[in-house]
Amino acid sequence: MTDYNNEGEELSLPFRGTGGIIPLSEGSFTIDKTKLFVPFDEEKDELQERPVGSLLVEIQPFIVITSKDVLLIDTGLGFSDKATNKMQLHSNLEKAGIKPEQVTKVLMSHLHKDHAGGVSLTNDRTSLSLPNATYYIQRRELEFALEKGFPSYIPEEIRLLETSSRVHFLENDEGTIDGYISYQLTGAHSPFHQVFWIREGDEIIFFGGDDAPQLQQMKIKYKTKYDYDPDKAMQLRLKWWQQGNEEGWKFLFYHDIKTPFAATTKTR
């Protein structure tokens with residue numbers, strides 16, 4: 001993929017050798033049945049000291065640079081960066097050489113708080129966080145999120161999506177955005193969760209959100225207790241991993257501590 005911003009300017013050195021993929025790590029966290037995300041320092045903290053059943057996860061939105069767009073996929077927790085006194089999403093973008101106003105599209109897999117907290121500004125939940133971007137949201141997911149509310153969703157962070165002129169609602173179970181991004185509603189991790197394929201030239205980038213959050217879950221029959229439809233999620237992971245290896249997909253893993261993305265080798 002060609003590395004350009006939305007003004008046609010060649011982007012800086014950090015993009016070289018990444019294939020246009022930039023993970024925006026917000027750090028490691030543990031989460032238990034309380035659904036609270038508690039920061040975890042791998043050098044100092046012990047997982048055994050956290051409540052029984054705690055999961056260790058990364059929070060990791062992605063930038064994908066294409067010839068048409070600077071894409072942001074999911075938006076993180078929406079926390080503030082104490083070191084810069086800025087929204088953490090903005091700080092991470094700037095560290096990667098991207099200004100928030102350069103992001104042109106935001107693709108949302110679902111609206112759980114760890115994926116959608118950065119939809120709006122931390123200090124102003126009536127304003128979208130990326131001033132020039134179009135946000136692509138599954139309409140049924142937003143309706144469900146606002147109805148369901150806490151603890152998985154935080155309505156005050158996402159309510160502005162109902163009326164913003166820069167939101168494009170996806171109405172169908174599957175479709176195409178701008179001719180090169182495909183989406184499919186799965187209903188596996190959550191009732192209206194969706195996944196994305198970004199196709200340009202001979203490259204296919206796949207983002208499975210929380211249906212496919214970590215590399216290790218793709219390779220074995222791994223069934224979780226926290227998915228809306230655990231059997232469907234497991235079968236989809238196995239299917240995608242097989243198809244991805246056959247077709248040479250690049251997988252993006254939102255919650256993987258060690259492997260943010262994995263490039264497979266095309267076998268057919």
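Welcome! Pro151 sits in the loop between helix 3 and helix 4 (155-158), where helices (H or I, at least four residues) and strands (E, at least two) are DSSP runs numbered from the N terminus. A cis peptide bond, with omega about 0°, links Phe150 to Pro151. This is a predicted model, in which local features need pLDDT of at least 70 and side-chain atom pairs count only at pLDDT 80 or more, while totals for chains, interfaces and linings use all residues. Residues are numbered from 1 along each chain as its sequence is written, and side-chain values use heavy atoms, with hydrogens and water left out.

**The nonpolar cores**

- The largest nonpolar core holds 31 residues; such a core is a set of buried Ala, Val, Leu, Ile, Met, Phe, Trp, Tyr and Cys residues joined through side-chain atoms within 4.5 Å.
- Ile63, Val103, Leu111, Leu130, Tyr135, Ile137 and Leu161 have the most contacts inside this core.
- At least two core residues come from each of strand 5 (62-65), strand 6 (70-73), helix 1 (88-95), strand 12 (134-138), helix 3 (139-148) and strand 13 (167-170).
- Helix 3 is the biggest giver to this core, with 3 residues.
- A second, separate core has 24 residues, including Ile31, Leu77, Tyr136 and Ile198.
- As general background, nonpolar side chains tend to be buried together in soluble globular proteins.

- Leaving aside neighbours within four places in sequence, Ile137 is in contact (heavy atoms within 4.5 Å) with Met108, Leu111, Leu142, Leu161, Val167, His168, Phe169, Leu170 and Gln194.
- Leu161 lies in the loop between helix 4 and strand 13.
- Leu161 counts as buried because its relative accessibility is 0%; buried means under 20% relative accessible area, exposed over 50% and partly exposed in between, with a 1.4 Å probe and protein chains only.
- Not counting residues up to four places away in sequence, Leu161 touches Leu111, Val119, Leu128, Ile137, Leu142, Val167 and Phe169.
- From C-alpha to C-alpha, Leu161 and Gly248 are 35 Å apart in space, and they are 87 residues apart in sequence.

**Helix 1**

- Helix 1 is mostly covered, with 6 of its 8 residues buried.
- The buried ones are Gln88, Leu89, His90, Ser91, Asn92 and Leu93.
- These buried residues pack against strand 5, strand 6, strand 7 (80-81), strand 8 (86-87) and strand 10 (120-121).
- After helix 1 comes Gly97, with a positive phi near 85°.

**The largest pocket**

- The largest pocket contains about 1000 Å³ of space.
- On a 1 Å grid over the protein atoms alone, a pocket is an open set of points where a 1.4 Å probe fits, with protein on both sides within 12 Å along at least five of seven lines, and lining residues have an atom within 4 Å of a point.
- Grid points are joined across faces, edges and corners, and the volume is the space filled by probe spheres set on the points.
- Its lining has 39 residues, and Ile31, Leu55, Val57, His189 and Tyr226 lie nearest the centre of the pocket.
- Strand 4 (55-58), helix 2 (113-116), helix 3 and helix 5 (215-219) each supply at least two lining residues.
- The lining divides into 16 nonpolar, 11 polar and 12 charged residues, where Ala, Val, Leu, Ile, Met, Phe, Trp, Tyr, Cys and Pro count as nonpolar, Asp, Glu, Lys and Arg as charged, and the others, Gly among them, as polar.

**A buried lysine**

- Lys105 belongs to strand 9 (residues 105-107), and it counts as buried because its relative accessibility is 8%.
- The side chains of Lys105 and Asp69 are joined by a polar contact of 2.9 Å; this term means a pair of N or O atoms within 3.5 Å, where within protein one must be able to donate a hydrogen and the other to accept it, and residues adjacent in sequence count only if both atoms are side-chain atoms.

**Loop residues to look up**

- Asp74, in the loop between strand 6 and strand 7, has a positive phi of about 60° although it is not a glycine.
- Asp74 is buried, at 0% relative accessibility.
- Asn85, in the loop between strand 7 and strand 8, has a positive phi near 60° and is exposed, with a relative accessible area of 73%.
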